[in-house]
Amino acid sequence: MKTRRDQGAAEGPLCEINTTPLIDVSLVLVVILMVASPLAFESSFGVRKGAPLAQAAVVDDVPDRVELAITGENRVEVNGRAVAVDQLAGALQPLLAADGRKRDVAVSCADLVSHGVFVRVLDIAKLNGAADIAVAEK
Amino acid sequence: MKHRQTPPAPPARINVTPIIDVALVLVIILLVTAPMMSMSQLPVDLPGAHARDTERPQFISLTMTADGQLALDDKAVGGLGEVAPRLRERLAGIPDKDRLVVVRADASLTHAAVRRLLDAAREGGAVNLGIATAQITDVKP
């Protein structure tokens with residue numbers, strides 16, 4: 001007499017786990033990740049066209065617009081006061097967060113400064129609360 | 001005593017349902033992502049940044065490599081003078097508020113080169129401009 005277990009063994013294929021849907025879903029996930037990964041690691045800053053920086057010294061202590069002039073690879077002028085890029089965050093904080101109002105930043109950059117440094121300055125400005133960034137024309 | 005009947009033989013047809021499933025899902029993925037993927041494959045070392053702006057999924061990309069090669073979306077552009085007319089052609093029919101052009105410039109380029117590219121993009125009718133960055137995901141010290 002056949003036992004139940006023997007019968008099960010004879011009907012082998014019916015007892016296997018059906019892996020097709022699992023493979024289906026995992027392949028689709030792989031494709032989604034492949035397609036989405038280049039997008040996930042890229043971002044962008046919105047920039048406006050700005051008027052050339054004012055030549056006159058900034059009169060007000062806390063002006064409405066903060067002016068940044070990148071004059072060298074590690075030299076930035078914040079409203080006319082020179083600081084190193086590393087100290088920029090400290091110099092910008094009191095200006096940008098003065099009364100809880102978001103302020104715009106106008107950035108001008110010397111011709112020979114690398115794009116990497118320029119973006120680093122924009123990044124620091126954004127992280128310290130710049131609302132809008134305008135790139136000044138020459 | 002009744003004999004147990006042998007189970008019926010499986011139908012000899014291949015089950016096409018999963019294939020159609022996967023194929024349809026792939027088609028949908030490609031349809032949705034195709035407009036986002038119009039990006040040149042030229043090698044560009046984007047400058048890294050922590051901050052990220054609010055993003056729109058659809059934009060027109062303008063790529064400039066370290067050695068000055070240019071591309072609009074995924075098509076090569078001969079020179080800087082060609083950028084504005086090509087961009088104007090590309091932007092035709094797109095409403096002003098959706099005209100986002102992202103400049104993907106190599107970190108080693110000089111700012112003068114990038115500014116010329118930004119100017120060319122504006123001349124070509126870009127209303128919103130973006131500067132592409134590589135997302136830095138580590139925690140700030």
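This is a predicted model: local features need pLDDT of at least 70, side-chain atom pairs count only at pLDDT 80 or more; totals for chains, interfaces and linings use all residues.
## Basis of the model

Local features require pLDDT of at least 70 and side-chain atom pairs pLDDT 80 or more, while totals for chains, interfaces and linings use all residues. Residues are numbered from 1 along each chain as its sequence is written, with chains lettered from A in the order in which they are written.

## Contact between the chains

Chain B contributes 37 residues and chain A 32 residues to the contact, two residues being in contact if their C-beta atoms, placed from the backbone, lie within 7 Å. On the side of chain B that touches chain A, α1 (17–33), β5 (100–105), α3 (111–123) and β6 (128–135) each supply at least two residues. β6(B) gives the most, with eight residues.

## Nonpolar core

The largest nonpolar core has 52 residues. Such a core is a set of buried Ala, Val, Leu, Ile, Met, Phe, Trp, Tyr and Cys residues joined through C-beta atoms within 7 Å; buried means that 20 or more other C-beta atoms lie within 10 Å of a residue's own. V107(A), V121(A), V103(B) and A121(B) have the most contacts inside this core, and helix α5 (residues 115–127) of chain A gives the most to it, with seven residues.

Beyond its neighbours within four places in sequence, A121(B) is in contact with residues including L62(B), V83(B), L87(B) and V103(B).

## Helices α2 and α3 of chain B

The axes of α2 (residues 80–91) and α3 of chain B come within 7 Å and cross at roughly 30 degrees. These two helices are therefore roughly parallel to each other, a term for angles under 35 degrees. L80(B), V83(B), A84(B) and L87(B) in α2(B) meet R116(B), A120(B), A121(B) and E123(B) in α3(B).

Methods
Helices (H or I, at least four residues) and strands (E, at least two) are DSSP runs, numbered from the N terminus. A residue is buried if 20 or more other C-beta atoms lie within 10 Å of its own, exposed if 12 or fewer, and partly exposed in between; C-beta atoms are placed from the backbone. Axes are lines fitted to C-alpha atoms, for helices over the stretch in contact, and angles run from 0 to 180 degrees between N-to-C directions. Angles under 35 degrees count as roughly parallel, over 145 as roughly antiparallel, 65 to 115 as roughly perpendicular and the rest as oblique.
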